[in-house]
Amino acid sequence: PHPHPHPHPHPHPYPHPHPQLNDTLSMVTAASNGEAHRAAYLQDECDTLMQERTELQNSLAREQSSTATLTAEVCKLKERLEASEAACRQLERSENHAKQRDAAALQLKESLEADLG
């Protein structure tokens with residue numbers, strides 16, 4: 001057997017023959033675990049944001065659909081308003097005609113009464 005070049009009078013405190021390498025490995029493992037946790041956290045955040053985006057898109061679609069419905073209703077109401085305004089004008093013209101007829105009838109009656117005296 002080869003004699004050990006540096007005999008240790010006391011047993012080595014580290015189980016691993018290279019304490020520095022052991023520390024480095026621990027640090028790398030810890031860092032790697034940290035990165036894995038961070039990646040998982042970011043993935044969760046991303047999933048949440050995607051879900052929120054989908055909800056917002058659905059909400060927007062509902063709003064747009066509701067806006068379209070309201071716009072259509074407003075158009076119908078405008079048409080009805082225009083129709084009723086036209087009917088009002090027609091009615092006013094009819095009333096004017098009626099007033100003119102009444103006035104003419106009254107004049108005729110008065111002239112007849114004068115003639116009959």
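Predicted model: local features only at pLDDT ≥ 70, side-chain atom pairs only at ≥ 80, totals over all residues.
Numbering starts from 1 along each chain as its sequence is written, and side-chain values use heavy atoms, without hydrogens and water.

View 1. Helix α1 covers residues 19–116 (DSSP runs: helices H or I, at least four residues; strands E, at least two; numbered from the N terminus). Of the 117 residues in the protein, 0% are buried (buried is under 20% relative accessible area, exposed over 50%, partly exposed in between). The accessible surface comes to about 11000 Å² (Shrake-Rupley, 1.4 Å probe; for residues, only the protein chains shown count as cover). Carbon and sulfur atoms hold 60% of that surface.

View 2. The protein has zero disulfides (cysteine sulfur pairs within 2.5 Å).

**View 3. D44, E45, D47, E52 and E55 form a negative surface patch.** Patch members have over 30% relative accessible area and no salt bridge, with like charges joined within 9 Å and nonpolar side chains (Val, Leu, Ile, Met, Phe, Trp, Tyr) within 5 Å. D47, one of the five residues in this patch, sits in helix α1. With a relative accessible area of 41%, D47 is partly exposed.

**View 4. K109 and E113 are joined by a salt bridge.** Their side chains meet at 4.0 Å, N to O (Lys or Arg side-chain nitrogen within 4 Å of an Asp or Glu carboxyl oxygen). Both partners belong to helix α1, four residues apart, about one turn of the helix. K109 is partly exposed, with a relative accessible area of 48%, and E113 is partly exposed at 46%. How many salt bridges does the structure hold? The count is one.

**View 5. L108, L112 and L116 make a nonpolar surface patch.** This patch spans about 350 Å². Its member L108 is found in helix α1. L108 is exposed because its relative accessible area is 53%.

Definitions and conventions:
Lys, Arg positive; Asp, Glu negative; His and termini not counted. Charge placed at Lys NZ, Arg CZ, Asp CG, Glu CD. Buried < 20%, exposed > 50% of the residue type's maximum accessible area, 1.4 Å probe, protein only.
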